[in-house]
Amino acid sequence: MIPPAPALSEAATVLVLACLLLIPLAIAGIALINTGLGRSRSASHAMLAALCAVSVAASAYFVCGFAIQGFAGGPAHTITAAGKQWNWIAAQPLFLRGLALDASPACLILWLQLLSVALAALIPLGAGLDRWRLGAASVSTALLAGLVYPLFAHWVWGGGWLAQIGFVDTAGSAPVQAVGGLTALAIGWILGPRRGKYSSEGGLPAAIPGHNAVLVLFACFLVWTGWLGLNSAGAMLFGGAPVGALVRVGLNTTLSAAMAGLAAASITRARFGRPDASLCANGWIGGLAASSAGCLFFTPAVAALVGLMAGALVVFTVEWLDIYGEIDDPTGSVSVHAIGGIWGVLALGFFARAGAPVQPLAQIAGVATLLGFVLPFAYSLNWLLDRVSPQRVAPEGERQGLDLHELGAGAYPEFVIHREDFLQR
Amino acid sequence: MRLAGLLLLVAGWAIVLAAFLMLGATVARAAFVAAGVAIEILGLGLVARSHVSVREARR
């Protein structure tokens, strides 16, 4: 059985609380990126969808998410196979009943997870921009936060079977980033591309640029700040890191993001003649996503290398998925969060510093679980939801923009007029 | 094709699980894990291809 997190000193508890207070900045940053990379005619909708997703995710996690996820050392259901007991789901009461709600590690983990699930819930919104109905997105978020995320997070952080075989993830490259990113992939497949993205005559897909690059790039700074809190809190609560180790965590997080951003800028400069702002932002976030798993176990040089590779992977896979996969993912959330996160998990297996309790085979098993369980599970749930009530907005609503269609008012009524939105065709 | 791809994803995962449950030797376990991941990649390719095919048919 995986032992529970050790009790923290008063200073460490205060530090964890301070780190937790930074994480909403990452959530706000991802919401801004989603908004800035979408069309102006759906900007209010994107921001409101983010707020709804956070609300629904927190509610679903409160109702049943934590009961499924639990914490290491807490009550859990096990199955016996090959003569060994395997922990597969927690047995906490619903509605957070029975928790003392003090500064114990279990309660700090609860708060961290409430924020992490909110962050994960925003990732699929990026793949469904400009065409995902608000109601459908909310129900889909409830399924993610109340079922898919807690189950996988229990296996990793709640003393579940992945933790039992030696899988390690300090702050969520797999449970937060990859789970969110693979759900985004399922959503991208189910919703299909935006109108006009792929021509009936074939050829290259149309580029549909985001409407506000400043929002997107400013959000990168917010996300970086939030990620420092996320990785530091995860390192202390899940990695058992002492206060002094947070220097390593902060350095590694920053180096990974910096190298990923530089890699994205260099590659786009070399390929297109000038750096691409949205791909640079994607690269930056991809570096952060990759840093989460091993920020406690990398040396700074390895963290820089992991970031460099993450930035390159994000740039190439965004283009590949767009052209060859025909996945219309306006924010690149599949590349940034799924591929960046999976790369971080694998990199931890192969490049962890000497003495770290990491096994490459266990890390590969974690990735196999993401692909073989999380993706089909998220896809099936969202496919069923789509059968019950179509997730995609009507063609008229997409042409008009989701702001007018679903909210009744645009985000920029004084400045932006799309003449074609109001003309009968 | 889509259903086959999803089933291959799950089947690959089942092989990885079985490797950890039933095999003790590191080399045999690694071989089975590699086989399971390869099957998952095949399944992922099929699911991706099925979505592209649907769109091609609609054109």
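Biologist: Let me check my notes: a polar contact is a pair of N or O atoms within 3.5 Å; within protein, one must be able to donate a hydrogen and the other to accept it, and residues adjacent in sequence count only if both atoms are side-chain atoms. Which side chain does A:S292 join in a polar contact?

Modeller: The partner is A:N231, and the polar contact between the two side chains is 2.9 Å. One thing before we go on: this is a predicted model, where local features need pLDDT of at least 70, side-chain atom pairs count only at pLDDT 80 or more, and totals for chains, interfaces and linings use all residues. Residues are numbered from 1 along each chain as its sequence is written, chains are lettered from A and ligands numbered from 1 in the order in which they are written, and side-chain values use heavy atoms, with hydrogens and water left out.

Biologist: Thanks! Where is A:S292, and is A:S292 buried or exposed?

Modeller: You'll find A:S292 in helix α9 of chain A, residues 277-294. Helices (H or I, at least four residues) and strands (E, at least two) are DSSP runs, numbered from the N terminus. A:S292 counts as buried because its relative accessibility is 0%. The cut-offs are under 20% relative accessible area for buried and over 50% for exposed, with partly exposed in between (1.4 Å probe, protein chains only).

Biologist: What is A:S292 in contact with?

Modeller: Contact means heavy atoms within 4.5 Å. Leaving aside neighbours within four places in sequence, the contacts of A:S292 include A:D169, A:G172, A:W227 and A:N231.

Biologist: What about A:K197? Which residue does its side chain meet in a salt bridge?

Modeller: That would be A:D322, at 3.2 Å from N to O. This pair also links distant parts of the chain, 125 residues apart: A:K197 is in the loop between α6 and α7 of chain A, while A:D322 is in helix α10. Both A:K197 and A:D322 are buried. A:K197 also touches A:D328, as well as A:P205, A:A206 and A:I208.

Biologist: Where do A:E396 and A:R399 lie?

Modeller: Both are in helix α13 of chain A (residues 395-400), 3 residues apart, which is about one turn of the helix. A:E396 is partly exposed at 41%, whereas A:R399 is buried at 11%.

Biologist: Switching to the greasy bits: how many residues does the largest nonpolar core have?

Modeller: It has 135, and A:F152, A:I285 and A:L370 have the most contacts inside it. Helix α3 of chain A (residues 105-127) gives the largest share, 15 residues. A nonpolar core is a set of buried Ala, Val, Leu, Ile, Met, Phe, Trp, Tyr and Cys residues joined through side-chain atoms within 4.5 Å. In soluble globular proteins, nonpolar side chains tend to be buried together.

Biologist: And which residues does A:L370 touch?

Modeller: Among them are A:F152, A:A174, A:V179 and A:I342, not counting residues up to four places away in sequence.

Biologist: Last topic: how do the chains meet? How many residues of chain B are in contact with chain A?

Modeller: 22 residues of chain B are in contact with 29 of chain A. About 2,200 Å² is buried between them, and carbon and sulfur atoms give 74% of that. Buried area is the accessible area (1.4 Å probe) that two parts lose on being put together, summed over both.

Biologist: How many salt bridges are there between chain B and chain A?

Modeller: The count is 0, but 4 residue pairs are in polar contact there, both at pLDDT 80 or more.

Terms used. A salt bridge is a side-chain nitrogen of Lys or Arg within 4 Å of a carboxyl oxygen of Asp or Glu.
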